[in-house]
Amino acid sequence: MNVILLGKPGSGKGTAGIEIAKDFNFKLISTGDLLRQEKSSGSTIGKQIESIMDRGDLVSDDIINDIIEQELSKPLPIDMYYLFDGYPRTISQARRLDEMLNISAVVYFDVDDATIAERIEQRGKKSGREDDQDSDTTKCRLENYYNDTQPVVDLYENSDRLYKVDASKSAISVYLQIKQLINKLNKEEEEEDNGIY
Ligand code: ADP
């Protein structure tokens, strides 16, 4: 079962993703991390995306699709699935992903904007991330979220693949909610395979 973690910037996807990937033996693909690696490598693409990321805008779909295709072309053990963090973030990315893989569950991190702004401000003090440093950048990221990513949430909701977690709670609570959800979905899938339904 391939799973997506979807939600506003700073909603806790990255933190939960690391733990969930370990627990369930997923291959974690975080586009934010891959892009930051590209940025620090100083490559041509890295230079292109630096200012875009630092001001809180989205990197172009072409660059993201290339990065994802490269990741998905790497061999994956037969019993392993993907866990996506920060991808897809636009309708075009979501459509492309649906062509490449079967996505059965999308975990939506439900949290209000004020909590997000507060968390990003706190994270910025320690993370050193350029895009976490001022409230204008956070505002820009949230605007992009509403323009480009909210339609992705709607797309998955309309195809009955969206599962909400309360992401305003503590990191451990969010982690436990997701763990419970994936256990439940795995069990349902197993029962379906065994012909119980
Ligand atoms: P956050 O979820 O806190 O915004 P990420 O690490 O997921 O942090 O993303 C950091 C930045 O990387 C984004 O603001 C954006 O510029 C870029 N980025 C990450 N994923 C994508 C994507 N799927 N499409 C376009 N840009 C992306």
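This is a predicted model: local features need pLDDT of at least 70, side-chain atom pairs count only at pLDDT 80 or more; totals for chains, interfaces and linings use all residues.
**Exercise 1.** Give the strand order of the open sheet and state which strands stand at its edges.

*Solution.* 
- Step 1: The sheet is open and has 5 strands in the order 2-3-1-4-5, with parallel pairing.
- Step 2: Strand 2 (26-30) and strand 5 (162-166) stand at the edges; each has a single partner strand, so one side of each lacks a neighbour in the sheet.
- Step 3: From one strand to the next, the twist averages 20°.
- Step 4: Strand 1 pairs with strand 3 (residues 81-85) in the parallel sense over 3 bridges. L5 has D85 in strand 3 as its bridge partner.
- Step 5: Helix 7 (residues 135-158) packs on the sheet and touches strand 1, strand 4 (103-110) and strand 5. The direction of helix 7 makes about 140° with that of strand 1.

**Exercise 2.** State the volume of the largest pocket and identify what lines it.

*Solution.* 
- Step 1: The volume of the largest pocket is about 1000 Å³.
- Step 2: The lining has 48 residues, and the closest to the pocket centre are G10, K13, R89, R123 and R129.
- Step 3: Elements giving two or more residues to this lining are strand 1, helix 1, strand 2, helix 2 (31-41), helix 6 (113-127), helix 7 and helix 8 (171-193).

**Exercise 3.** Locate N25 and D160, give their phi values, and decide whether each is buried, partly exposed or exposed.

*Solution.* 
- Step 1: N25 lies in the loop between helix 1 and strand 2, and has a positive phi of about 55° although it is not a glycine.
- Step 2: N25 has 42% relative accessibility and therefore counts as partly exposed.
- Step 3: D160, in the loop between helix 7 and strand 5, is a residue other than glycine with a positive phi near 55°.
- Step 4: Exposed means over 50%, so D160, with a relative accessible area of 64%, is exposed.

**Exercise 4.** Describe the peptide bond from Y87 to P88 and locate P88.

*Solution.* 
- Step 1: The bond is cis, with omega near -5°.
- Step 2: P88 is found in the loop between strand 3 and helix 5 (91-100).

Key
Residues are numbered from 1 along each chain as its sequence is written. Side-chain values use heavy atoms; hydrogens and water are left out. Two strands pair if DSSP finds at least two bridges between them. Helices (H or I, at least four residues) and strands (E, at least two) are DSSP runs, numbered from the N terminus. Axes are lines fitted to C-alpha atoms, for helices over the stretch in contact, and angles run from 0 to 180 degrees between N-to-C directions. Contact means heavy atoms within 4.5 Å. On a 1 Å grid over the protein atoms alone, a cavity is a set of points where a 1.4 Å probe fits but cannot get out, and a pocket is an open set with protein on both sides within 12 Å along at least five of seven lines; lining residues have an atom within 4 Å of a point. Grid points are joined across faces, edges and corners, and a volume is the space filled by probe spheres set on the points. Buried means under 20% relative accessible area, exposed over 50%, partly exposed in between (1.4 Å probe, protein chains only).
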